[in-house]
Amino acid sequence: MAGSANLNVMMKTARKAGRALLKDFGEVENLQVSAKGPGDFVSRADRQAEETIREELMLARPSYGFLGEENAEIEGEDPTRRWIVDPLDGTTNFLHGLPHWAVSIALEHKGQVVAGVIYDPVKDEMFYAEKGTGAWLNESRLRVSSRSKMIESVFATGLPFGGRADLPETIQDLARILPACAGVRRFGAASLDLAYVAAGRYDGFWERGLHAWDLAAGIVIMREAGAIVEPLIPGGDILADGQIICANEPIFNGFAKVIRSA
């Protein structure tokens, strides 16, 4: 699909960052690693990827703001537009040599995410969308799954690590959802979980404790693929609260009822 100038910049930038990350992924044992906190590691590759993305995006659109995972937010001259970036989603996978991680870039305009790119360099899969123009994987149009029965559906989520406060809630979620579905997956990269819902690989997803850069690109890609996307707590703000639930339309209500029943 021929996208806008902004989308083309986003895709080009994601590919550039992805190529550099792939080189480091091939030498993962030699990476310089420092601990940010329990179970949350940041690598030299992660920081360099964000620097590359910031330089490319700010060169193309110097007036836009920039929110990334590794550095302080940059306020743009244009207060209505902001890049939201996760340079390496799935860092723990990356550092353990697990080939499931991604580069995520979103564009926000007047508080709404209007374009998103999620690039998986290992598989060379580029998920992308712009508001009103559909969602795509490389050259193929994306649609959510058509499954209508919970018991036939596969869901994804994240499992809290270490001593995170939301661990009891997640355990309760699993106790309710596992008997009602065909399975739950935890692959360790929220952006790809959202992209997989858009692609019909998962039927739904929910998680707490996320950040704007984990979610922004996936939100527009899922909605353009036909998913229902809501705050986990009705009336909340997905990006501000870091909580989300999403699924295809036929199963959303049943899925949400199970997860929200606590």
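Two elements, α4 (167–177) and β12 (204–207), each supply at least two residues of the lining of the largest cavity. Helices (H or I, at least four residues) and strands (E, at least two) are DSSP runs, numbered from the N terminus.

This is a predicted model: local features need pLDDT of at least 70, side-chain atom pairs count only at pLDDT 80 or more, and totals for chains, interfaces and linings use all residues. Residues are numbered from 1 along each chain as its sequence is written, and side-chain values use heavy atoms, with hydrogens and water left out.

**Cavity and pocket**

On a 1 Å grid over the protein atoms alone, a cavity is a set of points where a 1.4 Å probe fits but cannot get out; a pocket is an open set with protein on both sides within 12 Å along at least five of seven lines; lining residues have an atom within 4 Å of a point. Grid points are joined across faces, edges and corners, and a volume is the space filled by probe spheres set on the points.

The count comes to one cavity of 30 Å³ or more. The lining of the largest cavity consists of T157, G158, P160, R164, D166, T170, D173, W206, E207 and R208.

The second largest pocket is lined by E108, G111, Q112, V113, K131, I219, V220, R223, E224, D237, I238 and L239. Here β6, α6 and α7 (238–241) each supply at least two lining residues. The largest share, four residues, comes from α6.

In the table, Ala, Val, Leu, Ile, Met, Phe, Trp, Tyr, Cys and Pro count as nonpolar, Asp, Glu, Lys and Arg as charged, and the others, Gly among them, as polar.

| Space | Volume | Lining by class |
|---|---|---|
| Largest cavity | about 40 Å³ | two nonpolar, three polar, five charged residues |
| Second largest pocket | about 250 Å³ | five nonpolar, two polar, five charged residues |

**Sheet and helices**

Seven strands form an open sheet, ordered β3-β4-β5-β6-β7-β8-β9, with mixed pairing. β3 (65–68) and β9 (140–141) stand at the edges with a single partner strand each, so one side of each is left without a neighbour in the sheet. Two strands pair if DSSP finds at least two bridges between them. β5 (residues 102–109) and β6 (residues 112–120) pair in the antiparallel sense over seven bridges. L107 has A115 in β6 as its bridge partner.

Helix α6 (residues 212–224) packs on the sheet, touching β3, β4, β5, β6, β7 (125–130) and β8 (135–137). Its direction makes about 100° with that of β6. Contact means heavy atoms within 4.5 Å. Helix α2 (residues 44–60) lies across β3, β4 (81–89) and β5, running at about 155° to β4. Axes are lines fitted to C-alpha atoms, for helices over the stretch in contact, and angles run from 0 to 180 degrees between N-to-C directions.
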